Structures are given as structure tokens and as C-alpha cells.
Amino acid sequence: MASTPEEFRFGNFVGSLIWLILIVLIIISLVGLPIIFVILFYVPLPPVNGEILTPYLFLSMMVDPTRTLPIIKFLIHTHLFKLVVFPGFTFAALLAAATIFIERKFLAKMQLRVGPLYVGKVEGILQLAADGLKLISKEIIIPSGSDKPIFWASPVAFVAAAAAVTALIPVAPGWVVANISVGLLAVFAILGFFPLIALLFSWASNSKYPFIGGLRALHQMIAFEIPFFLSALSVVILAGSLNLTDIAKAQHPFWFIFFLPISAFVFFISSLAELERVPFDLPEAESEIVAGWLTETSGMIYGLLQLGTYVKLYALAALFVVLFLGGWAGPQIFPQELIPGYTGEKIYNPVTVNAIFWFTVKTFGVIMLFLLPRGINPRIRIDILLHTGWYKLIVLSFINMFVALALIYGGVLGPGGLLTR
Amino acid sequence: MVVLAKSLEDRIDESQKLGLQVIKESEDDRLMTLNVGPQHPGSGHFRFTVKVDGDYIVYADPDPGYVHRGEEKMCEYRNFIQNIPHLERPVIHDSTNITYSYSLAVEELVGIQVPRRGQFIRAIASELNRQVYTLYWLAIYGIFLGHSTMFMWPTGDRELFIDLLEALTGARVTHAFNIPGGVRNDIPNGFKDRCLRQIAYFEKRLKEYEDIFYNNPLLRQRTEGVGILTKEDAIKLGVTGSVLRASGIPYDIRKAEPYDIYNEIDFKVQYMKTGDSFARSYVPFLDMRESCHIMRQLLDKMPESGEVRSKLQPNPKGAPGEAYRRVESGRGALGYYIISDGTPKAYRVKISVGSFRNMLALPYLLVGAKLGDMPSIYWSLNYWPVEADR
């Protein structure tokens, strides 16, 4: 047993010391140092300002900030940075984390509670980190008889699909991971994966409640996919493009929400249904089917699905901003020069910073609207939901499509229109 | 609609009459059997199995008894006073009312009168506890329908009445306040003003509840016309309390068989005629509003001073014979039938609770309903599983 201490022998002690010294000498001097030298001096990086850049040079440039700026400027324009950090996944995940915190406090205030309070001293700001650590440390329980490959793959696919939507959203002029000409179409193509993932996961769980939840998710998402697409189509008619950057730019003088309020409403309701938020949280209806298609999830599988859900929430709110609220448009509030009289290399671009600021503010506004129904509405029933999706919303979205066509052919908007600059 | 069917086939015939698909015994694998409870978040300490065909429930079988504690048997081994603390365990959120009718029955057996001031304090405690129970019930009804705000608000406002009861009795939920002969102690100083203040605040809150919950179009869509219990079926099944009043029968024990002070109080019996899930959820809300009205009158008419409890010998003996008294609890008629053989202990005690009677309607209302309606039908029956099991 480990409770009794080992007998101390001086010979063993000296022997272990000699082994330790040998390992330190051999591993560090003969293997570790050469590897460090190779990395520092021989790994090639792309040339900046005519210099061949190595990590050693990069480290030496850290001492002189004026020489570091071009490197940073170079790095933040690489595809990897865009994909991983800024308009891509990290930005979306950070906003999603902020959303979770705001949702908790916002809902708590609405319900006369205090919400998270203790973790992180200030208003429980680190509660989410604590929850994440808890989820990571928990055991992942796989139900017996489940389809294990699909059970493992579905949560990853869910997060990947949610992140793929964020890759298509332009945050500022030129700041988009994938600037493709059929951006809106690609968004809807990716959103079509979600019911499939939910159904696959619920089927793989080999349990009754997830199965019912998965079928509900499928019904719900298919019923709301069509009004979702139709409401976005009237925006495409007005903008004359499927590229999301062009759509945002086309709203320069007047945002599309002024011309297409019904479309915006339909888009908002369909987004709520797509996100499975209250009052459309039927696939996770707690009092009927335990936790719906998430019943058998545990540990980080649940964490991944939640992360994916909130990244998707950010993506759809950002899409609403791009389609109806003019994207990044807003009054210039940032100064032209951050440091007056500075004439070196610049990475501060007032237009871009301003665009990012307004985009984030608008997105958070829309996210707050997404959060609001959770405080005031009960869940609705599946037949009412399907009736709403198939009958009411489709008709409503057609109304504004005709309005959009009338605006184009009446010469109000579009090329050479009255209100076009 | 209700036919007292015994077997699955009868109930399937019943669902066929409702326009559903016919499911024969051989096609039983079409049906999916779902276990609701006791580990299910939508059940409580209670299990029922439902068979669903697609989204429709074709069969429902309640299985009470999960928390049976033998309260009736325990009453035979303790004397009349010792019974009080354990009798309020079945429904701790309504503990004053469940000991109220027991005290009335024992008083009838022992043959004592409660002083007038004691009767008023009993009624006040009873009304306060009715609010506590109904708010708790409403909170769970809210979360069953996915309305999280309606869970938090009543749970928070319930604290007001719990604080009042704590000031009155010394305990937050299990008060042991009603005893044969009166109440345990007199009201504290300043209780009347505090009570009136909180009632005024609570009536404002009730308006907000109505705005956010009962007038919500989504809730109306979801609960109106769901699980209709007609007047005749309600009488046939013997449901009581808010479920009976929601089916259009203005029956309240406080009005029908006034006990203690209630014949001097002026109040209306609240009822609705539709008998659907919405009516069953709205009648307790109307009762809460009426209860505020009753409490104001009780506080006004209460004598300023006097005894609250008549003297009772330490180990009272009941006269040989039987007594049956009942009160209107949060869930309906709550009666005690006590047989005494002249000793300090009861020979037999039978508790007749509203929860069990209301639960009998559950299988007939669930058949033909959709799975999404299950929580709203189940909890609108004003059913408290622990009380039904006793």
C-alpha cells in the first residue's frame, strides 16, 4: 500500500541523482538546445520589408516597436489569422461567451434575481469559465447501444457548422474569411446541416426522449427554413447580389429594414425557431421529453453543443445585421489619428475600427432581442409551431417580396433609382 | 368523453371515437411507451406511463404510491396531539390546512369549542398558507410550460407569505400551528399592519402575473381547449377544488359547509365554465385574489383581545364514536374521518385528499391529447403527489 513510506537507502538516492544529472545534460544540451537553435535561426518565415524573417529576428524586433509593427500588420492580414482569430472563430466564440454572461444577468434582472454573483468577484463574470472547467472535468458517458462514431462526431460537426456560418459574415469592409459571390446561399446551405446533425445525434443516442426531440428539431427547422429563405430573398432583390459584403454596401443611405419591416420580422421569428430558443424550444422541452435531443449528452459533449448553439446565435444575429441593419454602417466616432504627429508604420485604420465597433454594437442589440422572448413567453406546441411556419410566415414573407419588386421596378431603389446614391 | 374504461383496448376505442388512428393490440409496436417519472423533470414524486402514437397519447396509466408513508396507520399509534407534526408532512406547503380539518374533527370528538379570536387566527393562517401553496403550484405550472419568469416571480413572492407565517408561527413551512382547541400562540405585535401592507403589494403583483402569463397569447393558444373536463364528467369522477370549479360548478367547502368563522365572511366562489386546461390554471389564480379579499375582512373583524386556545387536558380522550370534518385546502376538499374508541388514540383515521381525487381524472384527460399538452394537463389538475400517497 502507498500509505507506508518506502525504506530510505542512500545508494538509491545517489543513483537517482546521477540519473537526473545525466538526463539533464544529455537531453537539454544535446537535443533541446539544437532544436531551439534550429527553430530560431533556420525556420523561414515570409519576407517583410525585404528582410528574410526568422523567429530570432522577430524576437529582436520585439525590442524595437517600430520594426515590429510591419510584422504584426503582415500577420493580421494572413488567412490563418482571419480564419482562427478575428472575423473567424475566436471572435465569434468570445462574443458567444459574452452573450451567455449577458443572458444570465439580463434574464436574472427580468426575473427579480441577481444571477451569477460570486465567481470572479465582479458580478460573477468568471462563472462561464468555471462552468467550462466543470464540464471539461466531467466524465463523458456514452449510452450503451449507441452508435459511437456518430455520437462523437455530431457535437464536433455542430460546432464546425456553426463556425462555418461565421466565416461568411463580413464584419468590416474587407474583413471576412470567405468573400464568395454566393455568400447568402452558402449560409443557408450550411444552416441546412443542423437538423441533420440533430437527428443523427438523437438517433445515435439510442433513447426515446432524444429521438422525439430529434424528430421535433427536424420538423421545426424544415418548417421555418422556407420563410427564412424567402425573407432573405427580398433583401437579395433589393441589393441585386448574393454577396454579403455587397448587400451590406447596398444599404448605404437607407437600411433595408425601413423598406422590408415584415421581412425582418419573419427573419427574426425564423431565426428564433432555427436557434431553438424560447418560445420555439420544443426540441429541448424539459417537462415533456426531459432534455430533448440533448438528453444523453454529458461533460464536454454538452459543452460543445452549447458552444455551437451560442456561436450559431451570434452568426444569425450578425446575419440579421448584415441583411437588414446596414452591416457595419454608422457615424464615424473614432479619431483619424490615434497618436497625433506619429509618422511611422500604422496598423490603426479608423474606418475599420469604426466599422467593427458599430457592427458589434448592432449585433449585440439583435442578440438582446433574441434573448428577450425567453423571459416573457412559454413554449408553444408543435402543431401551432408548424401552422405558424407553413401558413403564416410564408405568406408574410411573400408580401414583402412584392414590395421589394415594386421598389425596384418603380425606380425607387436599384441601379439609377431615386434613393440610390 | 369519459368512459370508465379498464383495459387498453377500451381506451383505444375511445381514442378512435376522437378521430384518431385505430391501433390494434397486434400493432402495439407502433406505439412508443414513455415513462414519465419519478426521475422525469415533468412529474414530481409520481410515475405515469403514456403510450404515444406519433404525437398523440393513446393510453395513460398513473401509478401513485412512490412516496407512501403510512400516515393513516401512524395516526393509530400516537395520541391526538402527537399526530399534528407528522400529519402536515404530506403537503408541507399547505401545512396549516391539512391540520385544520384534523383539528376540527378532534374537537368534535373531544367536545371543545375554539375561542372566537382563535378561530380568526386559524382562518388567517389558513388563507396565508393557501397563498403559499398556490404560488408554489403556479411556479411549477409556469416552468412546466417553459415560462421561466413565471417560475421565479411566484417563488419570490411566496417568501412574503412565508415570512408572515414565520412571524406568526415560528416556522417557515411546517408550522404545526393548528392544534385541537385553537392555535398554538397569539399573533405578534404589528402583524396586522404588516399583513395588510403585503396584501396590497401582492395584489399589484397579481396584475403583473396576469399580464405576463395569463394574457400571453402563446399561453392561451397552448392551453385553451386542451383537456376539457365537462361538468357531468367532473361530477362522475369526483374531482374537487379548483378542478371542479373550472368545470363550471361553484362548489367551495368554505361556502357549502362553512367551518369556524367562514359563515361571517363575504366572498364569492370563483369558477369558470370552459373546463379546459386554461380554466383549471386560472381558477387558483382567481382564488388567490379572492383570498386577499378574505384576509382583509378577517383582519378587520378580528377581536382585539381574547383567548386563542381553549384549555385541553394533556392527553385528551375522544368520546367513542366517529367524526368527519373537511376544509377547503389549496387542492380542494380535505377531510378527516376519525373513529374513536374512547382511548387517547384514534382507532382509525382516514384522510380524504383532493389530490387523489383530481388525479383520477388524469388518464381520461390525457387520452387523445398531444404529448406537448401533457405537462399542462397534468399540473393543471392541482395534484400534489406526496399528498395523494399520504
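Start with the C-alpha atoms of chain A: the centres of domain 1 and domain 2 are 42 Å apart. The model is predicted. To colour the two domains of chain A, select 31–75 for domain 1. For domain 2, select 141–333 together with 345–409.

**Stop 1: a helix pair in chain A**

Stay in chain A and select helix H9, residues 193–205, with helix H10, residues 208–239. Their axes come within 8 Å. The crossing angle is roughly 170°. Angles over 145 degrees count as roughly antiparallel, so that is how H9(A) and H10(A) run relative to each other.

Which residues make the contact between H9(A) and H10(A)? On H9(A), show A:Phe194, A:Pro195, A:Ala198, A:Leu199, A:Phe201, A:Ser202, A:Trp203 and A:Ser205. On H10(A), show A:Pro210, A:Phe211, A:Gly213, A:Gly214, A:Ala217, A:Leu218, A:Met221 and A:Ile222. Now colour by class. Twelve residues of this contact are nonpolar and four are polar. No charged residue takes part in the contact of H9(A) with H10(A).

**Stop 2: where chain B meets chain A**

Bring in chain B. In the contact between the chains, chain B has 27 residues and chain A has 24. On the chain B side, select strand E1 (32–36), helix H6 (148–169), helix H8 (217–223) and helix H15 (374–380). Each of these elements gives two or more residues to the side that touches chain A. Which element gives the most? H6(B) does, with five residues. By class, the chain B side has 13 nonpolar, ten polar and four charged residues.

**Stop 3: a sheet in chain B**

Three strands form an open sheet here, in the order E6-E7-E8. The pairing is antiparallel. Select the edge strands, E6 (321–329) and E8 (346–352) of chain B. Each of them pairs on one side only. Look along the sheet for its twist, which averages 15° from one strand to the next.

Next, select E7 of chain B, residues 332–340, and keep E8(B) in view. How many bridges join E7(B) to E8(B)? There are six, and the two strands run antiparallel. For one partner pair, pick B:Ser340: its bridge partner in E8(B) is B:Ala346.

**Last stop: the helix across the sheet**

Definitions and conventions
Residues numbered from 1 in each chain as written. Chains lettered and ligands numbered in written order. Predicted model: local features only at pLDDT ≥ 70, side-chain atom pairs only at ≥ 80, totals over all residues. Axes fitted to C-alpha atoms, helices over the stretch in contact; angles between N-to-C directions. Helix = DSSP H or I, 4+ residues; strand = E, 2+ residues; numbered from the N terminus. Parallel < 35°, antiparallel > 145°, perpendicular 65-115°, else oblique. Contact = placed C-beta atoms within 7 Å. Nonpolar A, V, L, I, M, F, W, Y, C, P; charged D, E, K, R; others polar. Domains from an automatic or database assignment. Pairing = 2+ DSSP bridges.
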